[in-house]
Amino acid sequence: MFAALAAAEPDEILAVMAAFRADPRADKIDLGVGVYRDAAGETPVFAAIKAAETRLLDQQPSKTYVGLLGDMGFCNALGALTLGEAATARSAATQAVGGSGALFVLGRLIRAANPGAVIHLPTPTWPNHRNLLGQGAGLSCAAYPYLSADGKGVDLAGMEAALDRLGPGDVVVLHASCHNPTGVDMPAEGWEMIARSAAARGWLPFFDAAYLGFAEGPEADAAGMRLVLDAVPEAVVAVSCSKTFGMYRDRVGAAFVMAGDASARAAAQGRLAAVNREHLSMPPDHGAAAVRIVLEDADLRASWGGELAAMRGRINGLRQALDAALGAEAGGARWRGFAAGRGLFATLPLDAGQIGRLRDESGIYVVPGGRVNVAGLPDDGAARVAAALAALG
Ligand code: LMR
């Protein structure tokens with residue numbers, strides 16, 4: 001059976017994570033995989049999540065199945081936080097296995113609705129979008145321009161021209177906030193352009209909301225997405241709790257399908273259940289239940305919000321520290337611009353040779369293509385990274 005099986009291509013982000021772990025140097029710095037790290041280099045469990053898990057262990061009456069769609073109380077609470085209550089009320093929903101599971105389920109649903117649908121991905125985007133929606137969900141993928149030529153903003157004119165050529169049957173993937181891999185987010189006029197184009201042309205907005213709360217706050221970071229949801233009859237949203245609630249390994253997320261009317265919503269709800277049944281039967285409960293407990297309890301919710309704000313503060317502080325350290329290095333100026341970005345990521349114009357030098361000479365790990373995770377910096381790491389970048393010339 002397996003003798004002729006071709007080896008799978010390694011995932012470029014997870015390969016960096018493995019190489020970092022295997023590196024014995026004590027002063028190595030991981031700017032690779034997109035996880036938040038504190039000053040000690042740890043990815044902490046939110047205190048509110050710990051408290052919710054304790055409550056769950058003490059009080060959970062049974063481990064019997066929850067149901068095909070998972071915990072709908074979780075979906076409703078997460079929807080209200082992210083999409084807002086009005087859009088949540090217009091949406092079918094399911095719990096999902098992380099944001100990736102939500103992307104996949106939504107891709108499958110779109111294929112069931114329209115096998116010829118084309119998914120348009122921003123250039124650049126998270127590489128796993130193409131895996132999940134192309135190879136995974138079986139949809140055709142295309143690209144639209146996102147990052148401007150100077151790498152500092154969104155190519156609004158190029159994007160608008162591309163979107164205005166689309167129509168029904170086209171699906172456009174949009175990063176709700178903290179664009180991965182660039183950290184360059186949509187300005188307000190860009191969201192207005194998107195809302196206008198989607199409403200006028202009839203293409204389907206497909207939001208990936210994986211980093212809400214890492215720029216200005218969960219609701220503020222969702223403002224552009226909500227503006228678009230208000231303007232269109234239909235949209236889909238994949239929400240991840242990996243970063244926003246620190247639930248990475250527990251794989252917690254939800255998929256929302258905003259449908260044009262009650263009958264389309266009911267059909268989408270039934271199809272979401274069927275797609276779940278086909279590929280995982282039922283979503284796992286534990287992590288989603290913990291997030292629901294946090295969102296439904298005023299004290300835990302306030303504690304979670306405070307910790308998230310502290311993470312955001314650290315990320316934004318590191319962005320400024322990097323710019324300041326680069327400003328102090330002869331030859332550092334060309335790498336500056338971190339403070340203008342949002343969330344974990346920035347993409348630097350690094351070629352493969354330079355990425356190899358950062359790793360071999362300085363123990364600094366960067367994703368191919370030049371993506372760096374700012375939160376991977378230890379508190380005293382800005383000067384070291386700035387010196388290593390400046391030394392590249
Ligand atoms: C990342 O972009 O590094 C994260 O979303 C982790 C992943 O699965 O790629």
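Which residue just after α15 takes a positive phi? I began my notebook with that one, keeping in mind that this is a predicted model. The residue is Gly-393, and its phi is about 90°.

**Entry: helix α15**

I stepped back into the helix itself, which spans residues 381-391. I looked up its buried residues and found Gly-381, Ala-382, Val-385, Ala-386, Ala-388, Leu-389 and Ala-390. Next I wanted to know what covers them.

**Entry: the ligand site**

I then turned to the ligand and listed its surroundings: Ile-13, Val-33, Gly-34, Trp-126, Asn-180, Tyr-211, Lys-243 and Arg-371. For three of these I noted a distance to a ligand oxygen. Arg-371 places a polar side-chain atom 2.8 Å from an oxygen atom of the ligand. For Lys-243, the distance from a polar side-chain atom to a ligand oxygen is 3.2 Å. In Tyr-211, an N or O atom of the side chain is 3.5 Å from an oxygen atom of the ligand. On its own the ligand has 270 Å² of accessible area, and the protein covers 81% of that.

Last, I went to the start of the chain. Is Phe-2 buried or exposed? I found Phe-2 exposed, because its relative accessible area is 62% and the cut-off for exposed is over 50%. Phe-2 sits in the segment before α1 (12-22). Together with Met-1 and Leu-5, Phe-2 forms a nonpolar surface patch, and the three share about 470 Å² of accessible area.

Key. Residues numbered from 1 in each chain as written. Predicted model: local features only at pLDDT ≥ 70, side-chain atom pairs only at ≥ 80, totals over all residues. Heavy atoms only, no water. Patch = residues over 30% accessible without salt bridge, like charges linked within 9 Å, V, L, I, M, F, W, Y side chains within 5 Å. Areas by Shrake-Rupley, 256 points an atom, 1.4 Å probe, with all protein chains shown as cover. Salt bridge = Lys/Arg side-chain N within 4 Å of Asp/Glu carboxyl O. Helix = DSSP H or I, 4+ residues; strand = E, 2+ residues; numbered from the N terminus. Buried < 20%, exposed > 50% of the residue type's maximum accessible area, 1.4 Å probe, protein only. Near = heavy atom within 4 Å. Polar contact = N/O pair within 3.5 Å; in protein donor to acceptor, adjacent residues only side chain to side chain.
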